[in-house]
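Hi there,

I have a structure to hand over to you. Please have a look, and then read my notes below.

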Amino acid sequence: MFNKTKISVLAVVCFTQFGAPAYAETVLNVATAGSQNMVDYVKTYLAPKFEAMYPDVKVNVVGTGPGDAGSHKIMEKLSAQQASGIEVWDLDVAVVHQKIGGDMVQQGLLAAFRDDISTGELVTRDTARNALGTDVDGYVMPMFHSQTALAYNSDFITNPPSSYDELVEWTQQNPKAFGYNGIKNGMSGVSFVTGWIYAYGTDAERLSSAPYDQSLEATWDDAFAKLKDFNNNVTFTPGNAGTLDMLSRGEIFMGPVWVDMFYSWQADEKIPPSLKLALIAPGMPGQPMYYVTPDKAKNPELARAFIELATSPAVQAEGIVKQFNWYPGIDAEFVQPELDTESWDKLFVEITPEDLANFGKSFPITPYFDAIQEGYERKVSN
């Protein structure tokens with residue numbers, strides 16, 4: 001068992017350089033879903049840090065592809081090894097999407113570990129316990145939290161809407177100045193539509209947790225009718241990047257975006273500093289990526305040590321927040337002391353930790369999520 005340590009990561013590094021047990025010729029196999037920047041982060045940032053702590057360990061990183069499909073590949077591999085009955089599986093750590101993390105727990109593919117690492121007590125968000133209706137408490141550790149929000153041009157909008165009701169009123173007064181991509185070619189639009197159902201259909205807490213009740217879907221007709229009317233006053237964009245492009249060119253003045261993508265574009269001067277962010281009531285969804293370790297990992301103690309390093313306040317600050325503009329997987333209060341004022345203000349002034357706690361929602365469980373998209377196609381798009 002990997003004993004829970006109470007010392008800081010810096011102290012761990014100093015200790016392990018001189019007193020850690022040797023793991024001669026040990027390879028720690030890490031698989032990560034997600035885009036190439038995710039793979040690069042684990043391979044070029046996390047792996048060297050861990051190898052410095054454990055000089056006799058080599059971290060082997062494999063990317064499985066973006067989206068849920070990448071996470072499915074990891075689950076399929078572990079499922080096949082589980083079915084084969086072999087005693088040791090060839091993955092030690094995996095990074096997977098929220099839904100797949102829940103599916104893997106349900107299939108008995110993962111080991112419980114969060115209570116065995118010091119950073120496990122630094123996360124209190126519900127996403128560390130609930131993966132779209134599945135109890136994952138102890139089996140997952142959030143790597144980061146992504147979040148959608150409304151971007152707006154502060155040169156033209158001094159008081160952005162604070163709720164969906166105020167947004168509807170704003171679009172009536174400013175037709176075609178709000179843009180989103182519907183539910184095609186990007187999840188920012190899907191997130192916006194999901195938030196709409198939370199506002200006018202069924203609240204997020206009910207739709208993000210089991211049990212599934214199909215009868216709720218019949219109560220969304222008014223919400224979809226209201227959304228169809230709303231769409232008459234909006235501009236449709238070609239996707240996540242398309243929304244940011246149109247905001248940058250002044251073709252629209254407001255639209256839903258991914259927060260990390262927004263700040264990355266702003267850092268690259270692809271969008272002007274006049275663009276700001278707001279998270280409106282009753283909320284818009286985002287999702288975490290999870291660190292997990294398979295039930296029959298060959299190196300479970302090292303796997304726990306790797307995840308503990310990856311979710312330490314120092315690494316979350318430098319790697320997650322400063323490099324990628326993601327919200328940290330652990331609670332922001334533990335990361336703040338590791339951040340300079342500029343880095344903290346970039347992520348937590350326009351959208352505060354309190355805003356995230358109040359208005360940062362999960363996506364619905366799969367049956368409701370599918371029903372929202374099908375309902376949009378049938379009752380809004382047509």
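Predicted model: local features only at pLDDT ≥ 70, side-chain atom pairs only at ≥ 80, totals over all residues.

Residues are numbered from 1 along each chain as its sequence is written, and side-chain values use heavy atoms, with hydrogens and water left out.

Helices (H or I, at least four residues) and strands (E, at least two) are DSSP runs, numbered from the N terminus. Strand 3 covers residues 93–97, and five of its five residues are buried (under 20% relative accessible area, 1.4 Å probe, protein chains only). Val93, Val95 and His97 point one way, while Ala94 and Val96 point the other.

Strand 3 has two partners to look at, where pairing takes at least two DSSP bridges. With strand 1 (residues 26–33) the sense is parallel, over three bridges, and Thr32 is bridged to Val95. With strand 11 (residues 284–292) the sense is antiparallel, over four bridges; here Ala94 is bridged to Val292.

Now the nonpolar cores, meaning sets of buried Ala, Val, Leu, Ile, Met, Phe, Trp, Tyr and Cys residues joined through side-chain atoms within 4.5 Å. The largest has 106 residues, and Phe50 is among those with the most contacts inside it. Helix 2 (residues 36–53) gives the most to this core, with nine residues. Apart from it lies another core of 18 residues, including Ala31 and Val292.

Best wishes

Methods
Buried < 20%, exposed > 50% of the residue type's maximum accessible area, 1.4 Å probe, protein only.
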